[in-house]
Amino acid sequence: MLVTCHTAWADDVVKNDAPILATADDGLRAELLLYAMSLIGTGYKLGGQSFDTGMDCSGFVRHVYSIATGILLPHNALAISRASMKIHRAELQLGDLVFFNTMKRTFSHVGIYLGDNRFVHASSSKSDSVMVSDMGERYWAKRFNGARRVLQSVARDGS
């Protein structure tokens, strides 16, 4: 497992407008997704970031990234979008972040991409817990705002 952070922590990044981008091998991506999936069913709590007391969407993403990679992201979906590297939807990889407009403002909801057009997130409206959703569902498809990357894949030759 390899993770190398190429810039400052998220609080500094938001101020400097430089994205967080860390290199990671497939093992780290798998660990990130396994940990995120292990939290399915964890309760939703606005402003929460603990599996004991509940999490909101950005608290969930922040918690998962912190535990699985050691990267500390902001606790706000918009701030996370600003602290990570913009990518096109067609470039989505496992562990990338997907953002949605769920509160009549851009980047108001965030989740972690699982592949096959699915993402894991803390949802207050459907299940009141961490759950997996399909980005192709009408609700999510209409509200998709963009994708961001925090973990850059390691080159196959090890460089």
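The axes of α2 and α3 come within 9 Å and cross at roughly 135 degrees. Axes here are lines fitted to C-alpha atoms, for helices over the stretch in contact, and angles run from 0 to 180 degrees between N-to-C directions. The crossing of α2 past α3 is right-handed; a crossing is right-handed if the near helix is turned clockwise from the far one by less than a right angle, and left-handed if anticlockwise. The names come from DSSP runs, with helices (H or I, at least four residues) and strands (E, at least two) numbered from the N terminus.

A word on the background: this is a predicted model, in which local features need pLDDT of at least 70 and side-chain atom pairs count only at pLDDT 80 or more, while totals for chains, interfaces and linings use all residues. Residues are numbered from 1 along each chain as its sequence is written, and side-chain values use heavy atoms, with hydrogens and water left out.

Which residues bring the two helices together? From α2, Leu 28, Glu 31, Leu 32, Tyr 35 and Ala 36 meet Phe 60, His 63, Val 64, Tyr 65, Ile 67, Ala 68 and Thr 69 of α3, where contact means heavy atoms within 4.5 Å. Sorted by class, this contact of α2 with α3 has nine nonpolar, two polar and one charged residues. In that sorting, Ala, Val, Leu, Ile, Met, Phe, Trp, Tyr, Cys and Pro count as nonpolar, Asp, Glu, Lys and Arg as charged, and the others, Gly among them, as polar.

Now step back to the whole chain. The protein has five helices and eleven strands, and 46% of its 159 residues count as buried. Buried means under 20% relative accessible area, exposed over 50%, and partly exposed in between (1.4 Å probe, protein chains only). Among contacts with a separation of 6 or more, 56% are between residues 24 or more positions apart.

In soluble globular proteins, nonpolar side chains tend to be buried together. A nonpolar core is a set of buried Ala, Val, Leu, Ile, Met, Phe, Trp, Tyr and Cys residues joined through side-chain atoms within 4.5 Å. The largest one here has 29 residues, and Phe 60, Val 61, Tyr 65, Leu 97 and Ile 112 have the most contacts inside it. At least two residues of this core come from each of α2 (26-38), α3 (57-69), α4 (77-82), β6 (97-100), β7 (109-115) and β8 (118-123). With six residues, α3 gives the largest share. A second, separate core of nine residues includes Leu 92, Phe 119, Met 135 and Ala 147.

Let's visit some individual positions. Ser 58 lies in α3 and is buried, with a relative accessible area of 4%. Leaving out residues up to four places away in sequence, Ser 58 touches Pro 74, His 75, Asn 76, Ala 77, Ile 80 and Val 110. Ala 122, in strand β8, is also buried, with a relative accessible area of 1%. Beyond its neighbours within four places in sequence, the contacts of Ala 122 include Tyr 44, Met 55, Phe 60 and Val 130. Phe 144 belongs to strand β10 (residues 144-149). Its C-alpha atom is separated by 9.8 Å from that of Val 110, 34 residues apart along the chain.

What about the loops? Lys 104 sits between β6 and β7, where its phi is near 60 degrees, a positive value in a residue other than glycine. At 83% relative accessibility, Lys 104 is exposed. Asn 117, in the loop between β7 and β8, has a positive phi of about 65 degrees although it is not a glycine. Asn 117 is partly exposed, with a relative accessible area of 27%.

Finally, return to α2, which holds Asp 26. Asp 26 is exposed at 56% relative accessibility. From C-alpha to C-alpha, Asp 26 and Leu 94 are 9.1 Å apart in space, and they are 68 residues apart in sequence.
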